[in-house]
Amino acid sequence: MSAAYKELKSRSRADYGYILEYRTRWNDADMYFHMNNSIYNFLYDSVINAYLIQHCQLDPRKSHQYGLVVHSENDYFGSIAFPAVAELALRVNRLGASSVTYEIALFEKDVDAVRSVGQFVHVFVDRDTGRPSLKGMEGSLR
């Protein structure tokens with residue numbers, strides 16, 4: 001087991017600055033009755049955009065810039081299943097001129113052990129061109 005894997009597996013809620021609850025749904029489950037892997041990516045995208053909308057003035061329909069996912073990955077340490085409540089914890093690991101690397105941890109409510117830790121990289125692009133701005137991200141998105 002690599003040091004990086006051990007470090008991720010030891011994550012706690014205190015390592016993150018923003019937490020969003022999600023009540024799992026019956027149809028989140030796969031045939032093995034745990035949350036399907038595709039749902040993790042859906043939830044990671046949701047917690048990031050909820051944060052951007054609530055705290056960074058992102059309006060997905062009107063903002064001059066928006067984030068495109070250019071990379072994602074996930075490490076799984078345990079499963080979660082309906083009817084559990086998930087807690088999605090978010091932090092920024094790297095802030096570049098036009099990109100942000102987020103780390104997202106998924107916890108089950110009232111359980112200390114992290115269930116998964118993922119990473120999303122957004123590149124912020126101008127709505128008109130679909131390309132990163134030469135000036136970088138708008139100040140409100142930082």
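Residues are numbered from 1 along each chain as its sequence is written. In this predicted model, local features need pLDDT of at least 70 and side-chain atom pairs count only at pLDDT 80 or more, while totals for chains, interfaces and linings use all residues; side-chain values use heavy atoms, with hydrogens and water left out.

## Cores

Helices (H or I, at least four residues) and strands (E, at least two) are DSSP runs, numbered from the N terminus. Buried means under 20% relative accessible area, exposed over 50%, and partly exposed in between (1.4 Å probe, protein chains only). A nonpolar core is a set of buried Ala, Val, Leu, Ile, Met, Phe, Trp, Tyr and Cys residues joined through side-chain atoms within 4.5 Å.

The largest nonpolar core has 26 residues. Ile48, Tyr102, Ile104 and Leu106 have the most contacts inside it. E1, H2, E3, E4 and E5 each supply at least two residues of this core. H2 gives the most, with 8 residues. Another core lies apart from it, with 8 residues, among them Leu8, Phe77, Phe107 and Val117.

What does isoleucine 104 contact, leaving aside its neighbours within four places in sequence? Its partners include Tyr44, Val47 and Ile48, and also Ser116, Val117 and Phe120. Contact means heavy atoms within 4.5 Å.

## Largest pocket

A pocket is an open set of points on a 1 Å grid over the protein atoms alone, where a 1.4 Å probe fits, with protein on both sides within 12 Å along at least five of seven lines. Lining residues have an atom within 4 Å of a point. A volume is the space filled by probe spheres set on the points.

The largest pocket holds about 180 Å³ of space. Its lining includes Tyr18, Tyr51, Cys56, Arg91, Tyr102 and Arg142. Helix H2 (37-55), strand E3 (85-95) and strand E4 (99-108) each supply at least two lining residues. E3 gives the most, with 4 residues. The lining divides into 10 nonpolar, no polar and 2 charged residues. Here Ala, Val, Leu, Ile, Met, Phe, Trp, Tyr, Cys and Pro count as nonpolar, Asp, Glu, Lys and Arg as charged, and the others as polar.

## Salt bridges

A salt bridge is a side-chain nitrogen of Lys or Arg within 4 Å of a carboxyl oxygen of Asp or Glu. The count comes to 8 salt bridges. Some of them are listed here.

| Pair | N to O distance |
|---|---|
| Arginine 11 and glutamate 103 | 2.7 Å |
| Lysine 109 and glutamate 21 | 3.0 Å |
| Arginine 115 and glutamate 108 | 2.9 Å |

Arginine 11 lies in the loop between helix H1 (3-9) and strand E1 (18-23), and glutamate 103 in strand E4, so the pair ties together parts that are 92 residues apart in sequence. Both arginine 11 and glutamate 103 are buried.

Lysine 109 sits in the loop between E4 and strand E5 (114-126), and glutamate 21 in strand E1, 88 residues apart. Lysine 109 is partly exposed, at 34% relative accessibility. Glutamate 21 is partly exposed too, at 47%. Arginine 115 is buried, at 16%. Salt bridges that share partners join Glu7, Arg11, Arg91 and Glu103 into one network.

## Aspartate 28

Where is aspartate 28 found? Aspartate 28 is in the loop between E1 and H2. It counts as buried because its relative accessibility is 2%. Not counting residues up to four places away in sequence, aspartate 28 touches Tyr22, His34, Met35, Asn36 and Ile39. The C-alpha atoms of aspartate 28 and valine 47 are separated by 16 Å.
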